[in-house]
Amino acid sequence: HFDLGIAYKEMGLIPDAIAEFELCLKNPTRICIAHTMIGICLVEKGDLPQAIAQFKKGLYAEQKTDREELGLYYEIGRAYELLRDPKEALYYFEKVKKRDSTFRNVQDRLNAIQKPPPPAAAAAPAASGGDDIDAAFDDLMGKE
């Protein structure tokens, strides 16, 4: 189901991907990554509050790696950044930086939040969401 969910996501069939990842929730070893992938799909769909809820559910998974947890904190920060909630985004990005200052581009995210862009460039972070989603996916799958 996980592989099928990945395939559906890559084809842009987000509801089908979510359905497959939801089936993965039955496997205790896949709960964290399934919630992460559901959240990533929801970000892609534009449902940021539900994405954050899925990411937080992933944090409560009993079986997760440190890297999965780090990725979830990053994804929560990114979702809050997209929601234009810098205080919450800063909180989660700081958690990432404390654990691994080299994780993805966390320092760039922190710099962007602490020094807001000029009004004309305010829409730019949302436009680059696809690259962030791809990077998150690659990180989850162990690709650099």
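What percentage of the 144 residues of the protein count as buried? Keep the whole chain selected to begin with, bearing in mind that this is a predicted model; of its 144 residues, 42% count as buried. With a surface displayed, the accessible area comes to about 7800 Å², and 53% of that area belongs to carbon and sulfur atoms.

If you draw the contacts between residues at least 6 apart in sequence, 52% of them join residues at least 24 apart.

Now select residues 86-99, which form helix α6, together with residues 106-114, which form helix α7. Two packed helices are described by the angle between their axes and the distance between those axes. Here the angle is about 150° and the axes lie 10 Å apart; because angles over 145 degrees count as roughly antiparallel, α6 and α7 are described as roughly antiparallel to each other.

Finally, show the side chains where the two helices meet. On the α6 side, select P86, A89, L90, F93, E94, V96 and K97; on the α7 side, the residues they meet are V106, Q107, R109, L110, I113 and Q114. Coloured by class, this contact of α6 with α7 has eight nonpolar, two polar and three charged residues.

How values were computed: Residues are numbered from 1 along each chain as its sequence is written. This is a predicted model: local features need pLDDT of at least 70, side-chain atom pairs count only at pLDDT 80 or more; totals for chains, interfaces and linings use all residues. Side-chain values use heavy atoms; hydrogens and water are left out. Axes are lines fitted to C-alpha atoms, for helices over the stretch in contact, and angles run from 0 to 180 degrees between N-to-C directions. Helices (H or I, at least four residues) and strands (E, at least two) are DSSP runs, numbered from the N terminus. Angles under 35 degrees count as roughly parallel, over 145 as roughly antiparallel, 65 to 115 as roughly perpendicular and the rest as oblique. Contact means heavy atoms within 4.5 Å. Ala, Val, Leu, Ile, Met, Phe, Trp, Tyr, Cys and Pro count as nonpolar, Asp, Glu, Lys and Arg as charged, and the others, Gly among them, as polar. Buried means under 20% relative accessible area, exposed over 50%, partly exposed in between (1.4 Å probe, protein chains only). Accessible areas come from the Shrake-Rupley method with a 1.4 Å probe; for residues, only the protein chains shown count as cover.
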